[in-house]
Amino acid sequence: MMLRSFVLLQSAFLRQSVCRLQALVFVALCGLLTWDESISAIVGSAYAAEEPGCLVGFGKSEITPLLPTPMAGYYGIRYSTATHDPLWAKATVFDDGKTKVALVVVDLIATTPWMVSETRRIVEENLGIPGSHVMISATHSHTGPMLYEPEERVVGRFGNQTQEAKDFMLKLPDAIAKSVQQAVENLRIRSISFGTGEETRLAFNRRFFMKDGTVGWNPGKLNPGIVREAGPTDDQLPFIAIHEEQGAVSGVLSSFAIHLDTVGGTQWSADMPYTLQESLRGVFGPDGHLQYATGACGDVNHINVRTAERQGGHQEAARIGTRLSGALLRAWDSRRGVSDCRLAAEHRIIRLPVQPHAPERSEWAKKTLQKMGEPNLPPFMEMVEAYRIADVESRSDGFIEAEVQVISLGRDIAWVALPGEIFVQLGIAIKDASPFQQTSIHELANGSIGYVPTRQAYSQGNYEVISARCAEGSGEMLVDAAVSMLRKQFNDKPQASEKGKQE
Ligand SMILES: [Zn+2]
């Protein structure tokens with residue numbers, strides 16, 4: 001009785017308190033006492049190692065191709081020559097006793113429908129986790145393998161239909177599923193905290209209003225024609241930390257909106273997620289599970305056009321990874337604890353109309369694509385447009401199916417998966433409308449439909465719009481679907497106090 005009134009008294013005090021230090025002291029005090037449901041609703045305000053945990057498991061499986069294989073990332077074929085750092089499939093599984101979900105990230109240029117459906121089939125058969133509860137996203141490493149497409153409808157893309165690419169792809173679903181299996185086997189009670197770092201000077205919108213009235217794309221360093229950026233960046237670095245019983249950190253999941261084309265060359269590399277991982281390992285130890293996903297960054301990269309500095313190679317990747325780890329660690333002390341482990345997962349297939357083109361472009365596209373094997377390739381933008389037209393025309397009904405998936409943990413954390421290179425403004429729109437404390441976007445997830453620009457960008461044109469398979473307004477349709485699922489999951493999980501009233 002004494003204990004309960006003390007807790008209630010302290011709860012009232014805490015509700016009025018705005019001082020984080022006081023909150024920390026209080027939560028630490030409560031850790032000495034036994035856990036009481038009456039305080040569970042307010043423990044979202046600070047993190048202490050004594051908080052009750054959720055079932056969480058980690059796994060990883062190496063996916064570096066063993067033999068020289070065509071590499072992804074650019075228009076043109078190049079074979080791998082060595083491994084700089086291995087490529088991984090990394091998985092984190094959460095289990096609330098009723099529901100299991102798996103968040104998987106692969107060090108690859110993209111995810112493809114076959115890769116995702118096969119992996120989900122294996123995971124469902126072997127582990128009983130339904131496909132809709134498995135989120136598989138790609139970091140967009142440009143130093144990973146070309147991805148073979150068993151159901152390629154159009155033409156091969158510079159090495160993706162070679163035997164090496166096929167051999168790699170056929171083994172990939174098993175390897176990814178292995179990371180999930182390891183995570184399931186590794187499930188144990190761990191406590192979770194979450195925070196949001198900020199990094200304002202690392203990512204740049206790569207579309208610019210130019211003095212000639214056009215919108216430029218990657219206009220080049222110190223280009224005098226630049227007026228200003230044509231779009232925003234997302235400076236948030238959402239992360240969650242997972243702690244062992246004694247408070248030691250065993251896992252960190254994070255994401256940031258920056259295009260992953262830093263290192264280049266012909267050696268396999270996970271690119272910046274590798275350097276972020278190494279930097280965080282220096283802090284949390286060599287065994288930490290450090291899983292990074294790429295946010296909505298269809299129009300954002302690391303190139304600062306206002307400096308003349310060369311920005312590429314492994315040192316540049318190290319600069320970016322180290323700075324991101326710094327942003328994460330700066331926000332470390334403002335983490336909040338998660339006391340609600342209830343999971344929810346849903347995915348919806350959205351039918352997006354394809355981008356239309358004039359009928360006469362059809363013949364032109366076919367002729368342009370015939371020149372692809374020749375030594376002198378057509379101009380870059382012509383190749384981009386020809387690929388789009390051929391791809392769009394292979395979809396007989398004029399629609400593209402796009403999967404939007406939302407997974408949430410309690411009323412605090414949500415992950416949104418979108419299947420393409422998503423303009424940053426669309427990711428920000430989802431985060432702004434989300435009722436969850438923290439919402440992360442994982443792009444190139446559960447398949448890829450290519451670039452997804454904003455409605456506004458379509459009238460401005462240039463690279464991403466020329467390349468986009470989906471029509472104007474598609475990005476906003478994906479946002480609407482994501483926000484509707486976020487709201488539904490949030491409202492389906494009443495607060496602990498409201499839940500008490502219902503029962
Ligand atoms: Zn790219």
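## Strand 6 and its partners

In strand 16, Val-338 is the bridge partner of Ile-192. Strand 6 (residues 188-198) and strand 16 (residues 336-338) pair in the antiparallel sense, over 3 bridges. Strands here are DSSP runs of E with at least two residues, helices are runs of H or I with at least four residues, and both are numbered from the N terminus. Two strands count as paired if DSSP finds at least two bridges between them. This is a predicted model: local features need pLDDT of at least 70, side-chain atom pairs count only at pLDDT 80 or more, and totals for chains, interfaces and linings use all residues. Residue numbers start from 1 along each chain as its sequence is written.

Strand 6 also runs antiparallel to strand 11 (residues 236-243), joined to it by 8 bridges. Here Ser-193 has Ala-241 of strand 11 as its bridge partner. Strand 1 (residues 54-62) pairs with strand 6 as well, in the antiparallel sense and over 3 bridges. Look for Cys-54, which stands opposite Arg-190 in strand 6.

Strand 18 (residues 399-409) has 9 of its 11 residues buried, so it is largely enclosed by the rest of the structure. A residue is buried if 20 or more other C-beta atoms lie within 10 Å of its own, exposed if 12 or fewer, and partly exposed in between, with C-beta atoms placed from the backbone. Leu-409 is partnered by Ile-413 of strand 19, and Val-406 by Val-416. In the hairpin of strand 18 and strand 19, 3 residues lie between the strands, and Gly-410 takes a positive phi near 60°.

## The nonpolar core

The largest nonpolar core holds 122 residues, of which Ala-102, Val-104 and Ala-482 touch the most other members. Helix 5 (residues 163-185) supplies the largest share of this core, with 9 residues. At least three residues come from each of domain 2 (47-352 + 397-502) and domain 3 (355-393); the domain bounds come from an automatic or database domain assignment. A nonpolar core is a set of buried Ala, Val, Leu, Ile, Met, Phe, Trp, Tyr and Cys residues joined through C-beta atoms within 7 Å.

Leaving out residues up to four places away in sequence, Ala-102 touches Ala-91, Val-93, Val-123, Ile-129, His-133, Val-134, Val-180 and Ala-183. Contact means that the C-beta atoms of two residues, placed from the backbone, lie within 7 Å.

## The chain overall

The protein chain has 14 helices and 22 strands. Buried residues make up 48% of its 503 residues. Among contacts with a separation of 6 or more, 79% involve residues 24 or more positions apart.
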